[in-house]
Amino acid sequence: SQSLPDFMLPTQYMRLDQMPLTSSGKLNRRALPRPRIEIGEDFVAAQNDTERQLVAIWSEVLKLDAALISTTRSFFELGGHSLKANQLASLARKRLHAEISLVDIFKSPSIRAMAALLKVANSEDPSSGEILTLLHQPEGATEHLFLVHDGSGDVQAYVDLAGLWQSHICWGLRSDLLGQLAPKNVDLKQLATQYIEQMKKVQADGPYQLLGWSLGGLLAFEMTRQLEAAGEKVDQLIMLDTEFPSVYPYLQNEDFSLANEKALVVELFESEASTFDQVQNIEELWKAVIDECTDAAVCIERIRQRVPNEIRALIPQFSDLPLVELVTAVNAIRSLERAAVNHVVSEPLNAPLIYISASESKLNLDLLPAYFHREVVIREIEGDHFNILRSQRVAQLVETIAAALDEQHKVFLSR
């Protein structure tokens, strides 16, 4: 509990006489028995139509028998995680025509609590897609803050931050790569254009306020550049521990090609190259990989062994994801890293910048001011690249941003 958020803490323990192993002697996570979910004395059945519909949605998302789902059990106790939380929010919008934010799901994870929090959505609900996601809607807030996804393509990292942010309606911008099995040659400028289109469904005109952590800071910078080029105004840009302007200089920037992906797959899964002779493109290749993995546990273990720690840290429940979700998550990160490596930061911005760095990141920010016409505010907080957004340090992060905003505002008024 000192280093993990509440939803990642174990909620059940099972005693095993022996751990199942793969043929290579590694822990076979897929062979571990699923925790038994039984109807006990604390079982509470759905009491109204809303709760019954939520039970049906949970059953679909979690792949559980609806009869076993108590309205007082936690979504995360029953196998939920951030990717499934996004599916839950999406299905609630589509079937209940109601809105529930990701912060609400993480903070109030039972059906009983969710039913009380559901907000009736507009018939032309702007967040009906998979890219734009409501993170938090504080009572009385009218202005919007858009938080751009990190290198994972997802916005779970912002849940704690958004939960403490009381002055704005917080929206997350997710990548649609999270719904695709294979890596893609995407361009960061095109992604920024796509996110601006989604953002305008909520706020048609500026001034806008953008925040991005890690790769999200680079995307937020590019969105700001495009908005300013179109004559729009960005009132505030906030970048959190973003490597800037040079991103991932240690990575290769080659395009994804069928030949290179085949070589990777053959080496990774110890397959015969001839297995994929009939494959015509990268999408077909990765679908064939899934079909060929007759022992999912072995395939999963091989992927895990190759994934570096900095990528593992970006994937929620990395150790527990099934094969398709794991491949999708890893390939989304590969796609976004390639886009970042190939991106060239161009002309400086007019928008005011607040930059927060983590003390342990040791990033070189010497070139940062050259990309802004106005003086930038740079602050450092204790922590590393990842834990500054976690529950133990996120309050300090919010306080630091608030103080920097106040200082920036005073400087502006004095001119």
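Is Arg302 buried, partly exposed or exposed? At 25% relative accessibility, Arg302 counts as partly exposed. The cut-offs are these: buried is under 20% relative accessible area, exposed is over 50%, and partly exposed lies in between (1.4 Å probe, protein chains only).

1. Basis. This is a predicted model, in which local features need pLDDT of at least 70 and side-chain atom pairs count only at pLDDT 80 or more, while totals for chains, interfaces and linings use all residues. Residues are numbered from 1 along each chain as its sequence is written, and side-chain values use heavy atoms, with hydrogens and water left out.

2. Overall make-up. The chain holds 13 helices and nine strands. Both are DSSP runs numbered from the N terminus: helices are H or I with at least four residues, strands are E with at least two. Of the 415 residues, 51% are buried. The accessible surface is about 20,000 Å². Carbon and sulfur atoms hold 48% of that surface. Areas come from the Shrake-Rupley method with a 1.4 Å probe; for residues, only the protein chains shown count as cover.

3. Contacts. Among contacts with a separation of 6 or more, 71% join residues 24 or more positions apart. Contact here means heavy atoms within 4.5 Å.

4. Salt bridges in total. The whole structure has 15 salt bridges. The criterion is a side-chain nitrogen of Lys or Arg within 4 Å of a carboxyl oxygen of Asp or Glu. Side chains of opposite charge can pair when their charged atoms come close.

5. Arg112 and Glu51. These two form a salt bridge, with the closest N and O atoms 2.5 Å apart. The pair links distant parts of the chain: Arg112 sits in helix α4 (residues 111-117), Glu51 in helix α1 (residues 49-62), 61 residues apart. Arg112 is partly exposed, at 32% relative accessible area. Glu51 is buried, at 3%.

6. Asp255 and Arg338. Their closest N and O atoms are 2.6 Å apart, in a salt bridge. Asp255 lies in the loop between β7 (234-240) and α8 (258-269), and Arg338 in helix α12 (residues 323-342), so the bridge ties together parts 83 residues apart in sequence. Asp255 is partly exposed at 45% relative accessibility. Arg338 is buried at 12%.

7. Arg302 and Glu270. Back to the opening residue. The side chains of Arg302 and Glu270 meet in a salt bridge at 3.3 Å, N to O. Arg302 belongs to helix α10 (residues 296-306) and Glu270 to the loop between α8 and α9 (282-292), so parts 32 residues apart in sequence are tied together. Glu270 is exposed, with 63% relative accessibility.

8. A network. Salt bridges also link Glu222, Arg225 and Glu347 in a network.

9. Nonpolar cores. A core is a set of buried Ala, Val, Leu, Ile, Met, Phe, Trp, Tyr and Cys residues joined through side-chain atoms within 4.5 Å. The largest has 83 residues, and those with the most contacts inside it are Phe75, Ile105, Leu161, Leu211 and Leu240. Helix α2 (residues 82-96) gives the largest share of this core, seven residues. A second, separate core has 46 residues, including Leu134, Ile196, Phe244 and Ala340.

10. Phe75 and Ile105. Phe75 is in the loop between α1 and α2. Its relative accessibility is 0%, so Phe75 counts as buried. Beyond four places in sequence, the contacts of Phe75 include Trp58, Val61, Leu62, Leu88, Ile105 and Met114. Leu62 is 13 residues from Phe75 in sequence and 8.6 Å away in space, C-alpha to C-alpha. Ile105, with the same exclusion of residues up to four places away, touches Phe75, Phe76, Ala85, Leu88, Ala89, Ile100 and Met114.

11. Helix α1. The 14 residues of α1 should span 20 Å at 1.5 Å a residue, and the end C-alpha atoms are 20 Å apart, which agrees. The expected span is 1.5 Å times one less than the number of residues. Buried residues in α1 are Glu51, Leu54, Val55, Ile57, Trp58, Ser59, Val61 and Leu62. Their cover includes α2 and α4.

12. A surface patch. Met14, Leu16, Met19 and Leu21 form a nonpolar patch on the surface, with about 350 Å² of accessible area together. Patch residues have over 30% relative accessible area and no salt bridge; like charges are joined within 9 Å, nonpolar side chains (Val, Leu, Ile, Met, Phe, Trp, Tyr) within 5 Å. Met19 is in the segment before α1. Met19 is partly exposed, at 49% relative accessibility.
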